[in-house]
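Here's a quick tour for anyone new to reading protein models. Have a look at the picture first, and then we'll go through it topic by topic.

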Amino acid sequence: MTVTSILSHPAGLRKLRPIAISNWLYSVAFLVFIMVVVGGITRLTESGLSITEWKPVTGALPPLSEADWLAEFEKYKQIPEYLEISGPAGMTLADFKFIYFWEWVHRLLGRVIGLAFALPLLWFAVKRAIPSGYGWRLVALLALGGLQGTIGWWMVSSGLSERTDVSHFRLAVHLLTALFILGGLVWTALDLRQLARGIDRPARMSGVGAAVLAVLFIQLLFGAYTAGLNAGYVSNTWPLMNEYFIPGGISWTEGVWNALNNDPYLIHFIHRWWAWVAVGFLVILARKVRPIDRRCSVAIHIAFGIQILLGIATVMTGIDINLAVLHQAVGALVVASTAWGVHLLGRARS
């Protein structure tokens, strides 16, 4: 018996819950979006290294007494960030509580997302409400979410012994994994909505869709590098960087590959100009999906339009924290709208 025949049978309609599962996935995607925003705040407030231990269960509770706060502060005082930056700057216990708060909220959200995914998934599985072919995909998304927690600690641990910040490579992996999960949730939710309409073939990746995602991946990667290396601070002018189109501070002494991955001037330059390549591909995507669903075309245009303006404003204000957080938030919306558009193209191939 095919999925279509099950859906056409009254008992099958009562048993399978594609719309309910789709709505649940959208709610989890919203939580992931909030997580990305809080992650941006955590990074921009230099809060990410305030919790020096990884306690997946007991760490859900913050310090509950003054003695507990002092103990946590003492642990933070042992790491290079405090010894070389925060300590000499005169950090107080009140200052530490502020940065601890954002890291704790970030980790707490990770736990909430895990429960918000795992418990409904178990309920749908027990009720045998998951359509054929989707169980493995949902379990894979859950596993990827669990892996993301491990990646987060792997990132934090890079800044606890020899560095005053986290590795920008690990930060990039952490951010890109979060955005991949966001895109996967949106894609799967859209597939399930198609299934509810009696279309039992999931969308497949098209050539145009793959090209758009590849271009966007490069932009997001260099955005993560820019964040991790604080490369946004090397220039607060636009369109020129310190009065030059190609900034003069790029170091090529260790080769092109090293410069591409480590030089803040070159990384900032690529991030600000590759954005226009990404815009070109997103315009193509939006034009192709317009006849299918005009709402998606409008969403893509609005997302990348606001993102470009926020990027320019963030640079010209010397990285105003509010604009920088909005820039990361809208970046996540660009990913979600792109996933929607690529999915629309993929329906034609299924």
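To read the packing angles below, you need to know that axes are lines fitted to C-alpha atoms, for helices over the stretch in contact, and that angles run from 0 to 180 degrees between N-to-C directions. Keep in mind that this is a predicted model. We'll start with pairs of helices, then check helix lengths, and finish with a few residues in loops and one in a helix.

**Helix 9 against helix 13**

- The axes of helix 9 and helix 13 are 9 Å apart, and the two helices pack at an angle of about 165°.
- Angles over 145 degrees count as roughly antiparallel, so helix 9 is roughly antiparallel to helix 13.
- The crossing of helix 9 with helix 13 is left-handed.
- Which residues meet here? From helix 9 come Val 208, Gly 209, Val 212, Leu 213, Leu 216 and Leu 220, and from helix 13 come Val 334, Val 335, Thr 338, Val 342 and Leu 345.
- Sorted by class, the contact of helix 9 with helix 13 has nine nonpolar residues, two polar ones and no charged ones.

**Helix 7 and its partners**

- Helix 6 (residues 93-126) packs with helix 7 (residues 135-157) at about 165°, and their axes are 10 Å apart.
- Helix 6 and helix 7 are therefore roughly antiparallel, and their crossing is left-handed.
- On the helix 6 side, the contact uses Glu 103, Arg 107, Gly 114, Phe 117, Ala 118 and Leu 121. On the helix 7 side, you'll find Leu 138, Val 139, Leu 141, Leu 142, Trp 153 and Val 156.
- That contact of helix 6 with helix 7 splits into nine nonpolar, one polar and two charged residues.
- Helix 7 also pairs with helix 8 (residues 168-196): their axes come within 9 Å and cross at roughly 165°.
- The contact of helix 7 with helix 8 has 13 nonpolar, eight polar and three charged residues.
- Which residues of helix 7 are buried? They are Arg 137, Leu 138, Leu 141, Leu 144, Gln 148, Ile 151, Gly 152, Met 155 and Val 156.
- Here's a handy rule for looking at a list like that: an α-helix has 3.6 residues a turn, so residues three or four places apart point the same way.
- The buried residues of helix 7 pack against helix 3 (18-44), helix 6 and helix 8.

**Checking helix lengths**

- Helix 7 has 23 residues, which should span 33 Å at 1.5 Å a residue; its end C-alpha atoms are 34 Å apart, which agrees.
- Helix 3 has 27 residues and reaches 39 Å from first C-alpha to last, close to the 39 Å expected at 1.5 Å a residue.

- Most residues other than glycine have a negative phi, and most peptide bonds are trans.
- With a relative accessible area of 34%, Asn 242 is partly exposed.
- Ile 319 isn't a glycine, yet its phi is positive, at about 65°. Ile 319 is in the loop between helix 12 (294-316) and helix 13 (321-347).
- Is Ile 319 buried or exposed? Its relative accessibility is 15%, so Ile 319 counts as buried.
- The peptide bond from Trp 238 to Pro 239 is cis, with omega near 5°. Pro 239 is in the loop between helix 9 and helix 10 (256-262).

**Two residues and their surroundings**

- Ala 203 is in the loop between helix 8 and helix 9 (207-228), and at 11% relative accessibility it counts as buried.
- Ala 203 and Asp 191 are 12 residues apart in sequence, and their C-alpha atoms are 6.7 Å apart in space.
- Lys 97 sits in helix 6 and is partly exposed, with a relative accessible area of 28%.
- Setting aside neighbours within four places in sequence, Lys 97 is in contact with Glu 66 and Trp 69.
- Lys 97 and Glu 72 are 25 residues apart in sequence, and 9.5 Å separates their C-alpha atoms.

Technical notes:
Residues numbered from 1 in each chain as written. Predicted model: local features only at pLDDT ≥ 70, side-chain atom pairs only at ≥ 80, totals over all residues. Heavy atoms only, no water. Helix = DSSP H or I, 4+ residues; strand = E, 2+ residues; numbered from the N terminus. Parallel < 35°, antiparallel > 145°, perpendicular 65-115°, else oblique. Left-handed = near helix turned anticlockwise from the far one by under 90°. Contact = heavy atoms within 4.5 Å. Nonpolar A, V, L, I, M, F, W, Y, C, P; charged D, E, K, R; others polar. Expected span 1.5 Å × (residues − 1). Buried < 20%, exposed > 50% of the residue type's maximum accessible area, 1.4 Å probe, protein only.
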